[in-house]
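I am opening my notebook to record, entry by entry, what I looked up in this structure. I want each note to stay with what can be read from the model.

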Amino acid sequence: MDYIFVLVLGLLIGSFLNVCIYRIPREESIAYPPSHCTNCKNGIKPYDLIPVISYIFLKGKCRYCGQKISIRYPLTELFTGIIFVGIYGHYGLSIEFLKFAVLACFLIVIGIIDLDTTDIYFKTTISGVIIGVIFLFIYYFKGDSISTYILGALIGGGFISLIILLTGGMGWGDAEMCFLAGMYLGWKLTALMLFLSVILGAVIGVLLIITKKKSRKDYIPFGPYIAMGAMIAVFWGEEILRWYLL
Ligand SMILES: [Zn+2]
């Protein structure tokens, strides 16, 4: 029962993330106006806003003008739902669940916007950092040490900054994103995230060039790899570190 609740919560929040992913690069408010068709501007009725299900009933088309709705919207909802269930299965009902679910939301929004536009927006990373500070306060008042999270942020942001200064590759948005993720992950999982994202970026980048999907000159956004590396760290980080260090 609780898994169903977490899944539905994830689907609903995934629906909101879609709004963020669409509107933030267009400099539109994420709160106003309410959801509408981007083609005919008709408002979308609540019964057409049910995550995934409405898409299936509408056969992927706007009820009013028939404009095709991208399959990416229900997929993002489903993906967010599955990620939420995964985090819940791993961490149970805890502050960690809440914290990593929030982190996942930021990673999904920042990663997909970066994929679309090759830009990472400061307003998204700074929002993640501000909420991260709130979690640090919660840990602090619970009497937990917060030094690992501060160190994580510094290692994440510092490592990418160093790459930028030394090679000119990557962008400051990537450094902000790793600072943000490091703050939620703590230093060990941050180190793992950096390692995984560089490996994933290199392997997938080479595959994209071999299959001619991208040329050597194309800018390949790094944000999606940071997001993948961070999520792998959330789900399997402890196991990987234990296996790797033994
Ligand atoms: Zn329409």
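**Entry 1**

I began with methionine 170, which is partly exposed, with a relative accessible area of 23%. Before going further I note that I am working with a predicted model. Methionine 170 sits in the loop between helix 6 and helix 7, and I looked it up for its phi, which is near 65°, a positive value in a residue other than glycine. I kept in mind that most residues other than glycine have a negative phi, and that most peptide bonds are trans.

Glutamate 27 also has a positive phi, of about 60°, although it is not a glycine. I found glutamate 27 in the loop between helix 1 and helix 2, and at 57% relative accessibility it counts as exposed. Proline 33 lies in the loop between helix 1 and helix 2 as well, and there I noted a cis peptide bond that joins tyrosine 32 and proline 33, with omega at about -5°.

**Entry 2: the zinc ion**

Which residues are the protein donors of the zinc ion? I listed Cys37, Cys40, Cys62 and Cys65, each giving its SG atom and lying 2.3 Å from the ion. I then checked the angles among the 4 donor atoms, which run from 105 to 114°, and the site is tetrahedral. Read along the sequence, the donor residues follow the spacing C-x2-C-x21-C-x2-C. Cysteine 40 lies in the loop between helix 1 (2–23) and helix 2 (53–57), while cysteine 62 lies in the loop between helix 2 and helix 3 (72–91), so this pair ties together parts that are 22 residues apart in sequence.

Are these two cysteines buried or exposed, I wondered, taking cysteine 62 to begin with? Cysteine 62, at 12% relative accessibility, counts as buried, because the limit for that word is under 20%. Cysteine 40, with a relative accessible area of 25%, is partly exposed.

**Entry 3: glutamate 77**

I placed glutamate 77 in helix 3, where at 8% relative accessibility it counts as buried. What does glutamate 77 touch, when residues up to four places away in sequence are not counted? I wrote down Gly10, Leu11, Gly14, Ser15, Asn18, Pro51 and Val52. I also compared the positions of glutamate 77 and lysine 61, which are 16 residues apart in sequence and 17 Å apart in space, C-alpha to C-alpha.

**Entry 4: helix 7 and what surrounds it**

Helix 7 covers residues 172–185, and its 14 residues reach 20 Å from the first C-alpha to the last, close to the 20 Å expected at 1.5 Å a residue. Of these 14 residues, 11 are buried, so helix 7 is largely enclosed by the rest of the structure. The buried residues include Gly173, Asp174, Cys178, Tyr184 and Leu185. I looked up what covers them, and the list includes helix 4 (95–117), helix 5 (122–142), helix 6 (147–167), helix 8 (187–210) and helix 9 (223–245). Helix 7 is followed by glycine 186, whose phi is positive, near 85°.

**Entry 5: helix 8**

Helix 8 has 24 residues and reaches 34 Å from its first C-alpha to its last, close to the 34 Å expected at 1.5 Å a residue. Among its buried residues I noted Leu189, Thr190, Met193, Ser197, Gly201 and Gly205, and the buried residues of helix 8 pack against helix 6, helix 7 and helix 9. Lysine 212, which follows helix 8, has a positive phi near 65°.

**Entry 6: the nonpolar core**

How many residues does the largest nonpolar core have? I found 57, and those with the most contacts inside it are Ile87, Leu103, Tyr184, Leu185, Met193 and Met231. The elements giving two or more residues to this core are helix 1, helix 3, helix 4, helix 5, helix 6, helix 7, helix 8 and helix 9. Helix 4 supplies the largest share, 14 residues.

**Entry 7: the UniProt record**

In UniProt, an unreviewed entry places "transmembrane region" features at several stretches, including residues 146–168 and 189–210. In the model, residues 146–168 are 91% helix and 0% strand, with end C-alpha atoms 32 Å apart, and residues 189–210 are 100% helix and 0% strand, with end C-alpha atoms 31 Å apart.

Note on methods
Residues numbered from 1 in each chain as written. Predicted model: local features only at pLDDT ≥ 70, side-chain atom pairs only at ≥ 80, totals over all residues. Heavy atoms only, no water. Helix = DSSP H or I, 4+ residues; strand = E, 2+ residues; numbered from the N terminus. Expected span 1.5 Å × (residues − 1). Buried < 20%, exposed > 50% of the residue type's maximum accessible area, 1.4 Å probe, protein only. Contact = heavy atoms within 4.5 Å. UniProt positions renumbered as here; feature names shortened; annotations may be inferred. Donors = N, O, S within 2.8 Å, 3.2 Å for Na, K, Ca; no water. Tetrahedral: all angles 85-135°; square planar, octahedral: opposite > 155°, others 65-115°. Core = buried A, V, L, I, M, F, W, Y, C linked by side-chain atoms within 4.5 Å.
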